[in-house]
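Hi everyone, thanks for coming.

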Amino acid sequence: MQLKNDLWDFALNFYQQPGIESACLLLQDQFGLSINRVIYAVWCGCQGEKTEVGASDDADQWQLEVTGALRDIRFRVREQKADCGAFAECYDKLKQAELACEQVELAMLYQQKKLYMQPKGSRYLVQINLEQYIAEVNVELSPELELAIGPIFSALNHYL
């Protein structure tokens, strides 16, 4: 498995674009979407590729069993950190570990990708990929969700 890859580089750059971090956290917290799967869908669309249903099963399982479990622990430590500064170092190390787990998840997505090549990346493919992922996790496409996704489409000008 290749931890440093084009998807990882894209994820680091894309997440730093204005409005993307808050949009992704909103999609995760309010709609239960995986930030990595959202970024993967965007990356595939920018690469001119369409994601295939089920291609991310291993990565989804990793996210649920490892990254998600670690995030839950980090959130518990964050609550205790407010009362006792001694927890701050532990919290920071958990954040680093969570990021390392997310990198493994993205490497799994990168490795497992089963894609249909298109001539070039397009907003249309990004939209198709995001809609497919949202349908896979049984989240209803609502006006609130479309509004939350808005910054992602705004950031595409940088990539397409």
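I'll talk about salt bridges, then aromatic rings, and then pockets.

Before anything else, please keep in mind that this is a predicted model.

Let's begin with the charged side chains. How many salt bridges does the structure hold? The count is 7. I'll show you a few of them.

Take Glu 136 and Arg 37, whose side chains meet in a salt bridge with 3.3 Å from N to O. Glu 136 sits in helix α6, residues 123–136, and Arg 37 in helix α3, residues 35–46, so this pair ties together parts that are 99 residues apart in sequence. Now, are these two buried or exposed? Arg 37 has a relative accessibility of 6%, so this residue counts as buried. Glu 136 has 28%, so that one counts as partly exposed.

Next, please find Glu 102 and Arg 71. Their side chains also meet in a salt bridge, at 2.9 Å from N to O. This pair links distant parts of the chain, with Glu 102 in helix α5 (residues 88–112) and Arg 71 in helix α4 (residues 57–81), 31 residues apart. Both Glu 102 and Arg 71 are buried.

Here is another one, this time within a single helix. Glu 89 forms a salt bridge with Lys 93, and their closest N and O atoms are 3.7 Å apart. Both residues lie in helix α5, 4 residues apart, which is about one turn of the helix. Glu 89 has a relative accessible area of 52%, so this residue is exposed. And salt bridges can share partners: that is how Arg 71, Arg 74, Glu 98 and Glu 102 are joined into one network.

On to the aromatic rings. A pair of aromatic rings is described by the distance of the centres and the angle of the planes. In this model, the count comes to 3 aromatic pairs. One of them is Phe 10 with Phe 14, a stacked pair with 5.2 Å from centre to centre and 15 degrees between the planes. These two Phe residues are 4 residues apart in helix α1, residues 6–15, so about one helical turn separates them. Phe 10 and Phe 14 are both buried. There is also a cluster, in which ring pairs link Tyr 40, Trp 43 and Tyr 110.

Rolling a probe the size of a water molecule over the atoms shows where empty space is left. The largest pocket has a volume of about 620 Å³. Of the 25 residues that line this pocket, the closest to its centre are Tyr 15, Ile 35, Glu 98, Leu 99 and Glu 102. Which element gives the largest share of the lining of the largest pocket? That would be α5, with 7 residues. By class, the lining of the largest pocket divides into 11 nonpolar, 5 polar and 9 charged residues.

The second largest pocket has a volume of about 170 Å³. The lining of the second largest pocket has 3 nonpolar, 4 polar and 4 charged residues.

That's my tour, and I'm happy to take questions.

Terms used: Residues numbered from 1 in each chain as written. Predicted model: local features only at pLDDT ≥ 70, side-chain atom pairs only at ≥ 80, totals over all residues. Heavy atoms only, no water. Salt bridge = Lys/Arg side-chain N within 4 Å of Asp/Glu carboxyl O. Buried < 20%, exposed > 50% of the residue type's maximum accessible area, 1.4 Å probe, protein only. Phe/Tyr/Trp six-rings, centres within 6.5 Å; stacked < 30°, edge-to-face > 60°. 1 Å grid on protein atoms, 1.4 Å probe; cavity = no way out; pocket = protein on both sides within 12 Å on 5 of 7 lines; lining within 4 Å. Points joined across faces, edges and corners; volume = space filled by probe spheres on them. Nonpolar A, V, L, I, M, F, W, Y, C, P; charged D, E, K, R; others polar.
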